[in-house]
Every structure is written in structure tokens, then in C-alpha cells.
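Morning, everyone. I have one structure for today, and I will go through it part by part. Please put it up on your screens.

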Amino acid sequence: MSTTSTDLSSAESSHRLAVEIEAQVEHLDLATVINISQAVSGELVLEKLIDAIMRTAIEHGGAERGVLVLSRSTESRIAAQGTMCDGRIVVKLHDQPMTPAVVPESLMRHVLCTNESVTLNDAAAQNQFAADAYIRLQHVCSIVCLPLLNRGQPIGALYLENNLTPRAFTPARIAVLKLLASQAAISLQQARLCRDLTEREATIRCLVEAQAPQTGDELRAIIDNAHVFLWSHLPDGYCDFLNQSWLNYFNLSLQEAQGAGWARVLHPDDAAHHLESWQKSVLTGIPFETQARYRRSDGEYRWFLNRAKPRRDKTGRIVKWYGTNIDIENLKRTEARLRQSEAYLAEAQRLSHTGSFGWNLAAGEIIWSDETYRIFEYDYARKPSVDMLVQRVHPEDRALVQELIDRVSKSGADFEHEYRLLLPDGRVKHVHAIAHASQDASGKREFIGAVIDVTERKITEGQLRCRAQELQRSEFYLAEGQRLGHTGSWAFNPSGFFEYWSRELFQIYGLDPRRGAPTLEQYLATIHPEDRDFMAETVKGMCALGSGFDVKMRIIRPEGVRYIRCVGIPVFDNGVLKKSLGTAMDITEQEQLTVELQRREGYLAEAQKLSRTGSWAWNPSEDITYWSEECFRVLSFDPQAALPHITEFFQRLHPDDQPGIRELVQTAIREKSDWEGDYRIVHPNGPTRDIHVVAHPVLSASGQLVEFVGTVIDVTEHKRAEQERARLRQMEEELRNTQAEFARVTCVVTMGELTASIAHEVNQPLGAMVTSAASAARWLAAEPPRMDKARRALERIAADGRRAAAIIERIRALLKRETPRKDWLDVNEMILEVITLPQYEMRQNDIVLETRLTADLPRVLGDKVQCQQVLLNLIVNAIEAMNAIKERPRELTIVSASDGPDAVSIEVRDSGTGIDLDHTPHMFEPFYTTKTEGLGIGLSISRSIVEAHGGRLSAAANAPHGTVFSVSLPVNKPVP
């Protein structure tokens, strides 16, 4: 890559170069500026100056080789070459023409013709000088070539190269080289002038000394054609001769310039002093030397160095004065620029708090600039020394500074160090010292350096560190806040690209942060196709109209659709849109919650509507703050109207309910407690409605009542239903009482029918008791008494007595109206107890009883008397059903078994007449009977009892004859 510039005029080039150098020098190290200035401005011997320029250029430019080319009239010649050999810089002076073997001619001529510098960071790459023979053959990596301009006029060029690495000439090094080229151009011109003056004086001396051997015409020709202004005066100061060069330059004839005529070209401000000095030399005979301004033929005044010496005869008498006028205008201007540079440097040191110093190790001499004195706050009259410096150093840094001084005094190496100064008034300064070691021609070492007051910088650095830490914390908090809030920020340039894209934004949109901010096309590609055109128009309006926006859109991610809220605001500067700033927030969860909330609100509203329940909020110190839509309907207010006042609500209450509700509310406010109540709402154009209200207090953190929230429920239908249920319960209770009474009557009737059987059953144990008593008496009367047989007879008497008592107890229980009592029942045991009751009837009617009882059946929970009543009723019905049977055996079978895993069944089978299928649907209805003497309530009561126990009672035909009644009772396993 190469950098060149377009052609400019000499004045424009000079001005622009000065501006560039001034801007770039501001960024240079002060010690470097001082070294360069001293290296090229303090030498007037041309050869030594060229040597210093080459060494400085190679050292500070980082070059391996350098060539200095100087222009002479129409030809440019190589004045010197320098190379880096084994860490040393070797400079050889030359005076030879440019050749392709030494420098790239095309590049060098370009620089000399255009007065523009050229930098090739990679000379082998494609550029306008790549075809140059030198570049192709030498395989140069990096090249820099700078013109040497003095007052806009080229006097040569400085060429440097590096064959080791591309981009060797960094911007900082190029800035140093431009400064060096500027200083070198001035110093080279000054050295040339000094050399020309010396050569001219030598020429004049030779001419004067050689005029005797020359003929008059030859001598006159030489003098007139000399490039030096020559003149002669008579001993009294009268001008009698000026050479033709002088006359042509000032456009005067010899007659006009003779005598005192030449003085007319003197500047008015210089004439008096100049003529006075000349008269003094004429009177005293001392050599004449002065500087004055002469007016050239074009009217411009230029400075001239005027010198004259008297020629004496053998007696010492002055016979003539011979003198010269040498144009030193360029030298004067150079000196003025140098003085100005020194003034600028001093002012720059003062403004930048940077002082310079020189330290000659051998002589122990130290030189400080004025600013160095100001930094250390010493009197300018004091001669600086090492002890003075160490004395000012802060005690905590003094040992390190002394160690540094001792070390560099021995090694003579460059150094750089920061330390503190402790001033007499207790103030502390921070200083930064840097120095470069150099060696003069005699081999003596000295340091040239700078000391910078960096106190303000240290303070600023501390403040900046604090601010940087605060900024880092702020950036961290912002990034963390964006991460937690799923919010990213961006900046968009009106030209159509994103200037900034925060880290969280990459996460939200699923983009790779390593690729930087996305293009507009990449951004739009992440947006849902249905929202993409809308977002593109939004961005277009933002850029064209400078409008802000707040929109919701969708983006496509691998895991699904995400909802994004995007906000943008324009930033204007003097009415011109500079950029747009904004945020993007992932609101997917909020959107889903909103949808869910809307769905639930819909469900709640529908549930409130279906249940006639409204919700509300009321602030006692203000008014009603919220009513749901159903609350309006329940309390008969218009849902489209505004919230009513609490007074309007109380006006709707039934007059009889208002005092009670007011007292209830006041108590809740006073105690900040929950409350619940019932009241009636009088609708304006409708019936009175019953309302149930429930309220809960909401308290602040300090325990103050904020508001009540609650519900109102229209319980009108509920109350009516409760009243209806109460009426039905009353009817049901009456029916149950009636059924119980019928059951008792049935039981009595049944027991009446069983009286004969019961009497027979009671007579059996009584007769057995009489027989056993007689037997016991005989056994006791025997000699000897038979005690064992008598004891057994007495035991039989006791057993028969208990059996008779049990029969009587069962009869009493059946006849009593006692409250049902549920116990754990053994089904088989219950069957065996019941079948003892109708034994007499079964014998009277020749009925054969068979029991098929399954062992280990689970117990059932029930009222034993009621269950026995059901079973006894079924057995009596079976006996009656078989009375008319003559042609086949009368058989009664009772079976117990499991009815699946959760029930036990009891079957009563007879071989009677059976049932008519037409009568089956009605046989369990109350008062339905097919018997001439029956009441028709036995089976109805039996079914009611079975169903009250959670079971079922059914009837079916028995095979081959008769009927089978089945009772199924649920199993309830008792706790052991």
C-alpha cells in the first residue's frame, strides 16, 4: 500500500507541510523533539550536519538503510548513504549522481517533482512504483521518502528503507521523520550559506592576492563575473569601484553608485547606523563589519553581511579599502525561524509543564530550562546540581532516584522514571523524567532529556480510574439489567446501518456477536413474515421523517415465535437527524401472561355471570374503586355507566336491611376485619333480590386500612331452592314417619299372624324346662342322689329359659318404635336367628326349610332389627305363597353368598305360585297387593329399609316354580 498526494504549488506545499508537522509533533515525545532539534540545528559544518541527519533518521525512523539526495541547479545528486551494521550506524558521504543501483529512481523523481512524501507499507504489493528496477531487484519491504523543503522550494529528499518487515514505518515514526526533514532542510540551507560565505571570502582573498600577476583586463573580467558583490573605497571613504554583479543586482550605474551614491539602496532604518560604523572604520582603520538591509532592483529589501578590510603600504598607511556584500537574507530568516521555534518550544514547555535538561557526566554540569526551574520551584539564579534534584525528591522515593542516578552514571544508558517531589510548603508533585544518552566526538557522554509535571495527569488519571470503574459498574449494571429484563439497546444511522447493537440484543434476536451489528437486511430477516413489511416501513419512516415509534412485533427463533416490543426515538443536531436510539424488549412471557390473563378474566367473567357473583373494591376514605361487570348486573346498575357512589349503593338496599349493613360495615372499618352479611336489593323495575356479601380488608405496610375487596352473590334462587328443599324435607320426614308407622303396623299384623307360632315356640322351652325339672327332682331323690345327672338337668332348664327370653326380646324389639341402631352384622347368624320364629307356621303348612349359607362372609353395617324385619317379611310372604300348593312339595330355601367383591346377597326362594310378570313393575309400590287381605306396604317398606342401607331388593321367577327375592347389602369391613 502506498500513500501519495496530488501536485501543489510550492507555497501551498510548504504551508501544508508545516501544518502537518505541527499537528504531528503534538503527539511526539518531548525528548525526541529536543534530540532532533539539537542534532540538526546546532551544526554549521555541512559534512557533520549530513552525518547527523543520516544517523538521526535511521535511528528514529527504524530504518536499515538511508540515502540523502541534494539538488544542485538542475541535477540531484546523492550526498550520503547510511546503513545499520551490527547495531551501529555507518554513514558514508558521496557526491555522485542518482542511479537505479542506489535508489528507486521513479519514486525519487516523483517526490522531487511533486514535493509530496511517499510511504510504501509493502513495497512488493501492487503500487505505482512496483515496476521500478531497484524495488524489484532489492526485494524491499518498507519504504518512506520525504522531500526536503525550504520555504516551499525543494533542496533534496531523504530516502529510508527496511528489508525485514512490512509496515516498519509507523505513523509515529513518520511524524518524527517529517520533523527531521523540516529541520534538516533549514539547517542544510544554513550550512550551505556558511560554506558559500567562506568560499567567497577565500575567493576574494585569492583575487586580491593574485591581482599583481594578472593583467588589468583579466583581473577586471574575473571581478565583474564573480558571484560575490565586490567594491573598493579610497582611504577617505569615497567609493571608487563596484563590480558589475553589484551594479546589476541593485540596478545602478557606476557613476550613480560612486562616492556616497551607493547609500541610496540602504534601508532608512539601517542607514544611519551603517554609515556611522563605516565612517568609524575609515577614521580608525579597523576592519569594517555590519549587517544592513539593501533594496534590490525589484524593490525588496534584503539583509546583507558587509565586510571591508584596509590595504596598507609598507609604511602602514591605508591606500585602499576592499569590501564585500554577502546576501544573508535566507540566513536571517532561518535564524528568525529558529528563534521562533525556541520561543514556541519554551511556551510549549510552559503550557505542557515540560522542562528540558542537559547533563554532562564528565564535567558534572547540569543545564535546566526555565520550565524545569519552575517545576522544581528553585530560584533561576541557582546553578542546578544532582544534590539539588535529590533534595527535592519525596523521602519515600529518594532512595530509588539516587539508585537510578548512580546506575545511569556508570552505564550511560537511556532512562525513564516517575517520582514525587516534596516542596517546602508541603505540596507534592508527580514528575516523569526521560533522557537519552549521547556521545560527542571526544567520546564524552551526556544526557539530554525532559522532566514533565504530571501531577494534574496523576490526579486526572485517578479521577478517570474512578470514573472508569463507575462506568464499568454502570455498564455491568446496564448489561445485567438488560439481561434480567430481556432488553437490548441499539443505535441506527440514517444512512441505513446499525452503529451499535448491545450484547443482550444479540441474545434476543439469536445473532452471533462475533459478526458485529447486523445489516438492515439481516435484521429484517429475523422478523416474522407477517410483520416484516410493517417493520420495514417503520424503519423507512424513522430515517426519512425522523419519527419515533413504539411497536410490537414478532421474530422467528428456532424454539418458536417470540414477541418483541421495539421503541425508537430520533436524535437531532441543529435540526438535522443524526441517529435514532432505541430499545428492544422480549415480551414473550408478558404477552403469554396477558393472553392467559385475558383468558382467565374471560373465564372469571363467565363464571361470575353463571354464578351470579360480582367482585368489587371500596376505599372507605374515597369511594368505590372497582366493580366487575357482573357486579353491575347483580346490583341492578348499568354496566356502561360510571362507577356509582357508595350513597347510591346504599339507596338500593331494602330499608329494613340498611341499619344492619351500615353497622356491620362501620365495625369492619373500625376493627379492620373481614365481614360477611346478607341483605336485599330493591331493583327499580323488578323484584327484590337476596344478596350475600363477603369482604376482606387490604392493609398497608404500616397497618393502615387501604380498601376492602370482596364479592356479592345473588342468592335469590338459592334461597328459593333452600325453601323448596326445606318443604320437601318436611314432606319426606312426614312420609318417613308414615312409612315407619305402616311398618310398625305391618310388623304387628305380621306378629299377630305369628302369635300361634310364637306361642308354640315359647311353649317348647317351657315344656322342656318342666320335664328337666322333674328329671332333676328324681335324680336328687335317688339313693344315693345322682348329682351329675341332676346338674345336667338344671343346666338344660337354664338354657331353655334363656331361649324363651330371647324369643320374647325379639318380639318386643319388633313391636317397639326405637331409633335405628347400626351394628356390624353377621349375615348367617342373623338368618339363623330369624328362621327360628316361623317354625310353627312352617310345620303347620308342611314346608321344608333348606339353608345354604356360605361360610366366612364379610360383615355388613346395619340395623339388626330392621334387617331381620325385612328377612322375616320375605319368609312370611313365601309361606303364604305356598299355602295353595297341593300337587308338589312346599320348599323354602334361604341362601347367603358373596355378591361380587363389595356386597353380600341373601336369597329367599319358594316353590309357590310365582309372580305375574305384569305385576312385577308395581309390586314394590306402596299399597299395591295381589292378596285379598294384604295392605300392600310390606314389600315397599322392605325396599326402603334395604335402600337406606345402601343395598337393593329385587324379585324374579324361581326355577322351576315359585319366586326368588334377592337382598344385596354392601360390604363394610369393621376395624379389628
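Before anything else, a word on how elements are named: helices and strands here are DSSP runs, numbered from the N terminus. With that numbering, Asp856 sits in the loop between β29 and β30. I will come back to that loop.

This is a predicted model. The average pLDDT over the chain is 82, and 84% of the residues score at least 70. Residues 1–28 have a pLDDT below 50, and this stretch has 46 contacts in the model beyond near neighbours in sequence. Residues 211–215 also stay under 50, and there the model has three contacts beyond four places in sequence. Where pLDDT is low, the predicted coordinates should not be read in detail.

Now the whole chain. There are 29 helices and 34 strands. Of the 976 residues, 41% are buried. Among contacts with a separation of 6 or more, 54% are between residues 24 or more positions apart. The accessible surface is about 53600 Å², and carbon and sulfur atoms hold 53% of that.

Next, helix α26, residues 827–834. Which of its residues are buried? They are Val827, Asn828, Met830, Ile831 and Val834. Looking down the axis of α26, the buried residues fall within an arc of 160 degrees, so they line one face of the helix. Their cover includes the strands β28, β29, β30, β31 and β32, together with helix α28.

Two single residues, for contrast. Thr290 touches His273, His274, Phe304, Leu305 and Asn306, leaving aside residues up to four places away in sequence. Gln592, in helix α19, is partly exposed, with a relative accessible area of 48%. Gln592 and Tyr563 are 29 residues apart in sequence, and their C-alpha atoms are 9.2 Å apart in space.

Last, some backbone geometry. Most residues other than glycine have a negative phi, and most peptide bonds are trans. Here are the exceptions I want to show. A cis peptide bond joins Glu783 and Pro784, with omega about -10 degrees. Pro784 is in the loop between α24 and α25. Another cis bond joins Ala959 and Pro960, with omega about 0 degrees, and Pro960 is in the loop between β33 and β34. Lys672 has a positive phi, near 50 degrees, and is partly exposed at 34%. Back to Asp856: its phi is positive too, about 60 degrees, although it is not a glycine. Asp856 is exposed, with a relative accessible area of 78%.

Key:
Residues are numbered from 1 along each chain as its sequence is written. This is a predicted model: local features need pLDDT of at least 70, side-chain atom pairs count only at pLDDT 80 or more; totals for chains, interfaces and linings use all residues. Side-chain values use heavy atoms; hydrogens and water are left out. pLDDT is the predictor's confidence in each residue, from 0 to 100. Contact means heavy atoms within 4.5 Å. Buried means under 20% relative accessible area, exposed over 50%, partly exposed in between (1.4 Å probe, protein chains only). Helices (H or I, at least four residues) and strands (E, at least two) are DSSP runs, numbered from the N terminus. The arc is that of the directions from the helix axis to the C-beta atoms. Accessible areas come from the Shrake-Rupley method with a 1.4 Å probe; for residues, only the protein chains shown count as cover.
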